[in-house]
Amino acid sequence: MVKNLTVFGAGLMGAGIAQVAAQNGFKVILSDVTEKALQNGLQIIQKSLGRVAKKKFAGKEGEMEGYTREVMGNITTMTDAGEAVSSADLIIEAIIESIKIKRDLFGFLDSKANQRCIFASNTSSLSIRDIAEACSTERQARFGGLHFFNPMKLVEVIKAQNTSQETFDTLVAVTKQMGKVPVSCKDTPGFIVNRLLIPYMLEAVRMAERGDASPHDIDTAMELGAGYPMGPFKLLDFVGLDTTTFISDGWREKAERGEIPKELVEKSALLQKLVDEGKLGRKSGQGFYDYS
Ligand code: CAA
Ligand code: NAD
């Protein structure tokens, strides 16, 4: 049913989604606003694919090259958004986390894409319904959420208020075809993973702020006592302190409207201080830990 896939946003997530789709036989168009962003996306894919090929065909240079060529052959890049969706069966949006920019893009695509084309957003923290409202009523039935966790196997498939059962079933089938494991969730703040992870990470920071335990000891406790691959501070550095702050700031507005309990997203002065100092985690070389 879905053969042609268009991915918007050639950043970290968009490149990863385009890659797994291309690896699993979908014809993918990757679209971004500039040629430079597309080249950046292709570089991310080449590097990651090299790693996958090495694992798959250890030592067999010829097969590694053939596989990489075949997968890359399934990916085309394009800056013209209208042209990029002219024959799309499914659009997955992975652009910056801004409700306005996402709505502008989907509103535009609604008039350009085929009537049967399914729209999906990879948003981490926004409401699918709020984004989908930029489109016609008919399209809103063909609009859902696909929240990826590259390189992990999970995909949260979001059934928003107006998402039809047929659309939801197609999204589940597509994620399975990509070799991922889908779980189903309603259109609630943070879906499953982030709804549990963000309050947990914030409480870990508040625990350290209160002086109950050090970040290092909290990480060791959760790694060795709860079996998590990374403790909450390592995870915060991995996800990005700015990203976590951005999500929890947005949720505080939802808490004002009673959509999420206020105490789950109470602001942390320490987290804000680190963000203000540019200590964003691994990507900036320093967060709770030093990576320089
Ligand atoms: N491309 C493709 N696949 C990749 C890859 C890449 N660049 N990097 C890793 N993988 C795959 C590996 O092939 C492997 O898959 P298989 O088991 O099928 O072989 C798998 O990913 C694990 O890779 P590794 O074993 O090499 O890596 P690792 O043992 O160092 O684990 C990790 C890395 C998966 C990130 C691990 O440290 C982990 O699970 N950390 C916790 C991550 C986590 O909880 N993230 C939070 C998600 S929530 C979030 O991100 C918030 C948000 O939405 C804003
Ligand atoms: P990123 O900053 O790495 O990439 C975003 C890309 O979108 C950039 O290349 C940018 O040029 C492009 N872009 C911006 N506006 C555009 C437009 N109008 N049309 C086409 N392209 C446009 O971001 P990311 O980390 O890949 O995140 C993308 C989305 O995925 C966000 O909604 C984010 O919340 C979500 N997400 C992120 C993660 C994560 O761990 N980073 C995990 C799951 C979901």
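**View 1. Buried residues of helix α1 in the predicted model.** Zoom in on α1 and you'll find Gly 14, Ala 15, Gly 16, Ile 17, Ala 18, Gln 19, Val 20, Ala 21 and Ala 22 buried. That makes 9 of its 12 residues, so the helix is mostly covered. A quick length check works out too: at 1.5 Å a residue, α1 should span 16 Å, and its end C-alpha atoms sit 17 Å apart, which agrees. Just after the helix, Gly 25 takes a positive phi of about 90°.

**View 2. The largest nonpolar core.** This one has 38 residues, and the members touching the most others are Leu 5, Val 28, Leu 30, Leu 90, Ile 92, Leu 146 and Met 178. A separate core of 24 residues lies apart from it, with Ala 81, Cys 135, Ala 160 and Phe 191 among its members.

**View 3. Contacts of Leu 5.** Skip the neighbours within four places in sequence, and Leu 5 is still in contact with Ala 21, Lys 27, Val 28, Ile 29, Leu 90, Ile 92 and Met 178.

**View 4. The Phe 57 and Tyr 67 ring pair.** The structure holds 6 aromatic pairs, and this one is tilted, at 5.5 Å centre to centre with 55° between the planes. Phe 57 belongs to the loop between α2 (35-56) and α3 (61-72) while Tyr 67 is in helix α3, so the pair ties together parts 10 residues apart in sequence. Both Phe 57 and Tyr 67 are buried.

**View 5. A phenylalanine cluster.** Here, ring pairs link Phe 106, Phe 119 and Phe 143.

How values were computed: Residues are numbered from 1 along each chain as its sequence is written. Chains are lettered from A and ligands numbered from 1 in the order in which they are written. This is a predicted model: local features need pLDDT of at least 70, side-chain atom pairs count only at pLDDT 80 or more; totals for chains, interfaces and linings use all residues. Side-chain values use heavy atoms; hydrogens and water are left out. A nonpolar core is a set of buried Ala, Val, Leu, Ile, Met, Phe, Trp, Tyr and Cys residues joined through side-chain atoms within 4.5 Å. Buried means under 20% relative accessible area, exposed over 50%, partly exposed in between (1.4 Å probe, protein chains only). Contact means heavy atoms within 4.5 Å. Rings of Phe, Tyr and Trp (its six-membered ring) pair if their centres lie within 6.5 Å; planes under 30 degrees apart count as stacked, over 60 as edge-to-face and the rest as tilted. Helices (H or I, at least four residues) and strands (E, at least two) are DSSP runs, numbered from the N terminus. The expected span of a helix is 1.5 Å times one less than its number of residues.
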